Amino acid sequence: MPQIFGPAANSVARVVLLSILITPFLAIALGYALMRSQYVTGASITRDQPVPFSHEHHVTGLGLDCRYCHSSVERSAVAGVPPTETCMTCHSQLYTQAEMLEPVRTSLAENRPIHWQRVNVLPNYVYFDHSIHIAKGVGCTTCHGPVGSMPLMRQAQSLTMGWCLNCHRDPVPYLRERSAVFDPEWKPPAQQEEDGKKRLIAYLIDNKHLTDCSTCHR
Amino acid sequence: MSRMLLAEFATGEALLGAARQSKQRDLRVIDAFTPVPVDGLAELIGATPTRIRLVMFIGGITVAALFYLLEWYSAVVNYPVNSGGRPLHSWLPFILPPFATGIFGAALVGLISLFLTAGLPRLHDPLFAVEGFERVTQDRFVLVFERPEAAQHDEAARAWLTAIGAARVCEMKT
Amino acid sequence: MTAAELDRSDALRWTLPSGRSYEAVNRLVSAPLIERAAWSWRAWWIAFAVSLTFTVIFLIAVAWLFVSGIGIWGVDSTIVWGYAIANYVWWIGIGNAGTLISAMLLLMRQHWRASINRFAEAMTIFAASIAGLFPIMHLGRPLYFYWLTPYPNTMTAWPQWRSALIWDFWAILSYLLFSIIFWYVGLIPDLATLRDRARSRGGQRFYGALALGWRGSARDWHVYHVYQLTMASLAVPLVVSLHSVVGLDFAASLMPGWQETIFPPYFVVGAMYSGFALVVVLAALVRGGFGLQALITPAHFDVMAKILLAASIIMGLSYATEWFSAWYGGGRVDRDLVAYLFTGAYAPLYYAQLFCNVVLPQTFWFPIVRRSIPAVFLIAIAINIGMWLERILIIWMTLSHGFLPSMWRLFQSTIWDWLTMFGSLGLFATMYLIFVRLVPAVSMHEVKKDVIDQEVSA
Amino acid sequence: MTENLARPAGLAATHAGLDRRAALKLFAGGAALALASCSRPPEEIVPYVEIPEGLTPGIPLKFATALPLAGYARGVLVKSVEGRPTKIEGNPRHPASLGSTDVFAEASVLSLYDPDRSQAVRNRAQPVAWETFAGVLRTQMEQESARHGSGLRLLTGRITSPTLRRQLDDLLRAFPEARWHRYEPVNDDAAFGGALQAFGRPVVVLPRLSDTKVMLALDADPLGPGPQQIRMGRDFVGARRAQASPQDFLRFYVAEPAWTLTGANADQRLALPPQLIRNLALAVAKELGANVEAGNLPAEAQRFAELAVGDLKSRPGRAAVMAGRAQPAEVHALCHWINAQLKAPVDLIDPVDVAEPGHADSLRTLNEDVVAKRVQTLIILDANPVYDAPGDLDVRGALRSVPFSVHFGHYNNETAAMCAWHLPLAHPLESWSDLRSLDGTASIVQPLIRPLYDTRTLHQLLAYMGGAASASSYDLVRETWKARVPGGDFETWWRGVLTDGVIPNTAQQPAQVPAPKLPTLAPAQPPTGFTLTLAPDASMFDGTFSNNAWLQECPRPVTRQVWGNAAHLSANDARRLGLVDGDVVRLGRGDVQIDAPVMIRPGQADGIIRTTLGYGRWQTGAIGNQVGFDAHRLQSIGSPWVLEGVSMAATGRREEILTTQHQYQLEGEAHELFPILSIAKLESEVPRRHESVGGPATLYPAYPYNTYAWSMVIDTGACIGCNACVVACQAENNVPVVGPQEIGMGRDMHWLRIDTYFTSESSPPGFQPVPCMHCEQAPCEPVCPVMASIHDAEGLNLQVYNRCVGTRFCESNCPYKVRRFNFFGYASGQEFANLGADVVKLQFNPDVTVRARGVMEKCTYCVQRISGARRTAERENRKIHNGEVTTACQDACPTRAISFGDRNDPASGVNTLRQERRHYELLGELGTRPRTTYLARLRNLNPALTEEKA
């Protein structure tokens, strides 16, 4: 009686059996890689805006304080994107004819708000409060990255829940003295470990509650 | 290059008898192929006792242990939460998933080692080409000897086999 | 008589003369699969058409469920569980029996097992996989069922290991994969037989590939046999734990009528009970459908009926224990609940359940009933209905009549509840029909070994 | 002049416009939650061009204003998020609110965003421009002024607004022969009539419950729905303090034909037909020495009268009686006489409402004028007579015969359909005005949002009719008060009253009245046949609120019925006629016939059919149309509340009665679920309880809660069952409405329910508000496979919506069944009726996630408020103060029955309450260690009676 399969069939069969064994694991690994990828998190993505506003120029160049535009950041959950009038306080004198500022002028003229593209987006079931982070000595650049060196604003961090938890589980490395919160060049000093621990106490940070779901989800 | 003698029997007993007696006449049994397991045959043809049970045990325990470790790490170390005031390390409920997965692990490891020892998959094998070999999976019992070098011994062997009731005796090259 | 002689005399009961040779067994079992001319599949096609229609209904029901939400079912604010969970428990119960039968009987060296274990195990696999679907369909957001698994994720969130649903998840998954392995390994020699009997090239390649090149070498048989025995001894605790866990879904709560220490064992017995009942039904169908009267004999039905009888008595005992412990425990809610069982809105169903599960099977005391295949067949069906009623009532009774009277409500079934349930039966039938169409419904090598050998040597 | 009407309802450019960002966040809410992944849909930021002064993005503002109920004001504080009113709360400074709310106030914010609100002027149903109408009205008014307004009639509801009154007076002066008619369906005609008989002048009776030790209510419902409810409730509970000695504990006697909230909260309640209640009053008067003939009473009633009189006599100066609106004027007069004998603690004040003629007479004369063709111009201001006038008055026919008829209201409703013109009216939260409360206190009504639609206010219309030069409501209201402010700087005063929400020294002073005359009142004969008694509905009131989904789905007190009304029968009558719940009967009076489903109410007087008004609307909106049956049609202008000789016949049809509770009776040991203690025996028989009853011992190590330990104590003795908390919770937490079909399937979404239990056939029920218990050993948590239900460090039992996969294991294992599941996308794409409209979403509280389909939700102890308070405190580097966090239900509760606080704070209220004798845990024996616990209900039975029982 003749052979049903050729000699090669054996290797083929082995490969098939082996792949059945490992495919599930590959699939999971792939999925995880995808979830972490920029494609999903949007990290370091720059959206184009109606006006090519440069934080680099305004912060590093002119040395404007964050709070000049983001005025409610110390009191409110939202930092506040400045109303057109804020832009015009300067730009009614400076670059009054600049082409790129046209949208700002029309906005004021026609009383129609500027439609900016949100850069740091959190899901709707996440309740982030700027003011409390400021109050607890977490600086702007800790989450928003080196804004002072961004010609165009981009999302600096992955903003995944895991990333939030890094700090909520152990805030020590990130806590600044309150005066340095708005310092765009702040780098953790050598003795950050001790300082952070001290501030944890001084700022009454209840890190037992920090990882509770209710802290961010309501 | 070795040659083999294939003797085909109708029943397990016949084959078993042939295998036994072959010990006296210095014929070396290489292997036997049967449609159903024949008790005692494996020992007779000198198969080494299998350690598959041990392998399965170790495999099962390992999987279970790893799973329990995962539970403990996730619930106590990585993200401890208060669930209904139960202890973080609630060992009692933690036992159940490792138990189930452990048993599956044992089964899987066993399957792998079964395939390895039995050399499966083996879709292509010279024996399949042997005339009438297809019947070993149905109703024929085949005993395989190493064919003696000397012609007269070979003749004697064939004669003897037919005498003790081999339905068919043929040889095969590998 | 020696043990061997006993074996032999026992073995003779399990076949008719027409089936007492290797070739007879080979022919009887494999002819339908590989001898086109010798066999007509007309009846099969009709059955397949019917079951396929129900499968389509099932798929439609599920699709509509995912489109418009759980609300299409009868579940409400109080009775948040319904048919999905009942069907799940029922199917997984049936899913238990196959492996339990073949494993336990194998360990107990019951020769008659050989004729039924193959299609019993197949039943297990299909039932268990259908059972596995229901908890997912039952989710409010089925899309996220994978959150029950500890997969690496950017939220660093984990499953909650204390939940009985997690135990279920792993128990079912392990059990399903385990059963598939057990079943497939048992198939290999038979697939080899088919490979070697097949005339068509396609048949040869199909079965050849599945047989993985099995040659029946004595060495292989040795390892194979040991492996099968070990698997059997692993299967028993796995099966028991699986349905104990299902029992814990309820017992690990604090609701009256659920929080009962008796639940795990009583669920295991119930599972074996309903499973065995369905095995009987399938045995009758396979026997008739494939003319296997020679291999599946009235003796098989007789012995299975005895097991059903025993199980029904244990079930009755379990029910009685529930009532007693409620009365003896003396808790307000527990007593109220038992009163509710007998007098509440669902009482008629409860009586039906008691009749099907406890009263009716008592007829098996009479040999005449046990040996009449139609009788056993019908009673087995009744038992399956009774067991389904038990599952749904466990949920309805407790949730409809909980701790606070203000939240007492009644379940209102919808058409989608029914379509999903009957649809799942159709899905099962379809899978089963495909199974008998492609692989031998009776384990040839085990029949040859456990039965024929005994007789041939007799 | 035309500009006046052409300009939108006044709103001096302040905090207006709604922030699209917040709106976006909300709209996205459901969807985003549904695909709870990390992927980021592109989103826009739309900042202001000029930021409104006083507004910080993300920080809500609160404004004081007032809302009308039957014309009377209840002061409220409105929470406004970036220009969107989202939540109504009570104004502590306002005497009719005292910081609490009622269901109507809470729900009015939903009415503001009702998509069915009228949005355009219509002429015979055709939309036209305001200018067009203005022109037509102008010519019409010129004709009228030619004939001194002899053809001009105005019809309004009850008007308490000083500005409106001023404008009306001006108008009537300009058109001397014009007439102003008033019809408020729920009016005080009988009471005023009684006062006239007793004192010769109309007065309003304000019982000082807090000073009262014995009260006899004769078919009166002070605790029921109405502008008095909050104040009465607060005083009622204030007079029943557990700490007080039994002598100082108010004992409440109630005689009423059918269950009201007052009867449900009584110590001694008697079910009696209204006619015999008159005899009861006579019997009481006789006992007090009146020379009257007391009619015959059933023995039980006789006994009741003796006990009551005994008690009343024994507490001179501390005892009082009150009669309800359903009783004839004579009984009210008799009560004045009795109160005089008892030196009763009641205040008599001059009415804020116009007393003469009564509303019924006013409407009747208007009808006569119309029939007599004396009316050319009829302006209906925010009234709906076609629907809510008594059935024996053919308003519909009358309206048809009026040449020029205008309806000005919130909805394009039944009356609008009968008028030539319909004008859309601005919502109180959109307009400037002023209102006075029952006791006369005036408040300024200020707008919280720029009008959503092209609407106007009554002020604007009247101003225009009066030919006034262009004036905005804002100016009109200020004019009124400029004239009244006693000099000084008006602007400062103005800002003051706006922030306070009340205008000082505007409450009516007690009226000086002569000794009351004893009225001549003949005893009534026991009625034959069925007597129909009507009452305003606890949720629809007189129908004003029938298009409000929150109220439609708010379980009515005692019956727990939703989405409809029913004809209530006593158990005996039902048995006699072989009727069961849901049987449809045909009620007949004269030629009016109405089909109504029967609902059997144990404890209702035999021979009584009881039903409520406000249903059977046929033209209000998608929510309210065709819900229930219209009982107004059975009313008679002569006697609107009690109708004798009503026929009733079974139709053989059935109609499901939708309720959220099916079992009211507690049997056997189930009584332990709702203990009722006797105040007299409290000290002697109830052992002092200690912190945390605890339940069975546990093997688990106790979790330390050493920061805050939030917990709640609910005093079932103080709960009068008014539902304010239920609606408040719904408003605060974006709790969706499911609609009648879903209710019929046994599904509902309320996070807080008020379980109502009868402990015996006739004795009053008790109310047990059940929110989440936040068990320390929560059964719902270990069963959740994905950690969606878990505990936080402060003992809150959390539900993480975005993690929930919807196994519903938690609810099935919850002994209290307080969890609610989104079987459909009730708030996310599968809303009931028109509740999915974008405008409705504007009400959503941005601090609370809008739940998607397939997730579980439940009471969170208003975790968003806790978190808000925490962030405020931590910004100031301090702990949260005691009382800084309040839950929505707690704020709403008129009787302060709900206390919430930190159990770790020795000073907190919950701590002291947990020490009380009455303190108990619901199902504590299960060992769930609930954080929500209860104080037992108290009853103050007449000792004589308790002895008889014994």
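A: Between chain B and chain D the count of salt bridges is zero, a salt bridge being a side-chain nitrogen of Lys or Arg within 4 Å of a carboxyl oxygen of Asp or Glu. The model is predicted, and local features therefore need pLDDT of at least 70 and side-chain atom pairs count only at pLDDT 80 or more, while totals for chains, interfaces and linings use all residues. Residues are numbered from 1 along each chain as its sequence is written, chains are lettered from A and ligands numbered from 1 in the order in which they are written, and side-chain values use heavy atoms, with hydrogens and water left out.

The interface of chain B with chain D buries about 970 Å², where buried area is the accessible area (1.4 Å probe) that two parts lose on being put together, summed over both. Carbon and sulfur atoms give 60% of this area. The side of chain B that touches chain D divides by class into three nonpolar, four polar and one charged residues; here Ala, Val, Leu, Ile, Met, Phe, Trp, Tyr, Cys and Pro count as nonpolar, Asp, Glu, Lys and Arg as charged, and the others, Gly among them, as polar. In terms of contact (heavy atoms within 4.5 Å), eight residues of chain B meet 12 residues of chain D.

Turning to chain C, 49 of its residues are in contact with 59 residues of chain D. The area buried between chain C and chain D is about 4500 Å², and carbon and sulfur atoms contribute 58% of that area. Of the area that chain C buries against chain D, 16% is supplied by C:Arg141, C:Arg332 and C:Leu404, which is more than any other three residues supply.

Where chain B and chain D have zero salt bridges, the count between chain C and chain D is two. One of them is formed by D:Asp748 with C:Arg409, whose closest N and O atoms are 3.4 Å apart. As for secondary structure (helices being DSSP runs of H or I with at least four residues and strands runs of E with at least two, numbered from the N terminus), helix 3 (42-68) and helix 6 (164-197) of chain C each supply at least two residues of the side of chain C that touches chain D. By class, that side of chain C has 28 nonpolar, 15 polar and six charged residues.

In another loop, between strand 31 (797-799) and helix 24 (809-812) of chain D, lies D:Arg808; its phi is positive, about 65°, although D:Arg808 is not a glycine.

B:Pro121 is found in the loop between helix 4 and strand 3 (141-146) of chain B.
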